[in-house]
Amino acid sequence: MPADVERIYALNSIATRRNMRDHLVLQRDSLMNFLLSWIALSVFFFSSLIAGVLPATAKTTIEIDYSQRVPLRISFGQLRWGIVAAKGRVLGPNQKPIWAEYDAQGNVVREIGEAYGDPLQNAVVMSAYAYRTYVEAFRTVQSQYGQQCQVFSRAEYEARTFTGPNNAVLLKPMLNAQTNSVVVRDPATVYAGMSLVLHQSLLDLKRIEELSDAMVSVLVSEQGWVITSSANNIGYRTAF
């Protein structure tokens, strides 16, 4: 075989082997790239799956302070089942609450009546102690001034003009909003710098009642006189 032909044949053989090697390298690289992509995709898929299924568990596990753990003990004998309910006022025929007496256990002893019309409408409840305190305050003023003081209702006081020495018209102080009775000085004894009013009271001082020591509660009308007193508590009737 001529030398030139042999050289050409040798060169072709070398080129062929190089092409085959390059092809094999290319296939290997492609296969590696495929495997790496598949592995990455698998890792991403399973990571997402785990993160989606167990996010709360993972978060809780990270944030728990195990040094502060307290054992949880449930005594099933102390569990109670039922319905949560609240009491509301019982209304009468006129859609007004009903006054009633209650014993120490919260049971209704008797109904007093519906808070509709006089005297039960706008009535107020006070303790027997508070009522006696009002009466005692009046008695103190009365004993101090004797015949030199006089009791007026609110309406009488506001309608009357008081004149002092030398027929001078006396200034009438404004009464408190809750005042039902007022004790005033004898106008003839009121001089400059002296107040006409000695005492104001929520009670109707012309209709005072003496309560026995057994009394606990008093229901007082809007005008300040006693509707009823009781050895029990007084309040609006309620029910679930």
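**Aromatic residues and nonpolar cores**

In this predicted model, a search of the whole structure finds three aromatic pairs. Local features require pLDDT of at least 70, side-chain atom pairs count only at pLDDT 80 or more, and totals for chains, interfaces and linings use all residues. Residues are numbered from 1 along each chain as its sequence is written, and side-chain values use heavy atoms, with hydrogens and water left out.

User: What kind of aromatic pair do Tyr157 and Phe162 form?

Analyst: Rings of Phe, Tyr and Trp (its six-membered ring) pair if their centres lie within 6.5 Å; planes under 30 degrees apart are stacked, over 60 edge-to-face, and the rest tilted. For Tyr157 and Phe162 the centres are 5.9 Å apart, with 40° between the planes, and the pair is tilted.

User: Is Tyr157 buried or exposed?

Analyst: Buried means under 20% relative accessible area, exposed over 50%, and partly exposed in between (1.4 Å probe, protein chains only). Tyr157 has a relative accessible area of 2%, so Tyr157 is buried.

User: Which residue lies over the face of Tyr157?

Analyst: A charge sits over a ring if NZ of Lys or CZ of Arg is within 6 Å of the ring centre and within 35 degrees of the ring normal. At 5.4 Å from the ring centre of Tyr157 lies Lys172.

User: How many residues does the largest nonpolar core have?

Analyst: A nonpolar core is a set of buried Ala, Val, Leu, Ile, Met, Phe, Trp, Tyr and Cys residues joined through side-chain atoms within 4.5 Å. Among those with the most contacts inside the largest core are Met126 and Val218, and its residues number 16.
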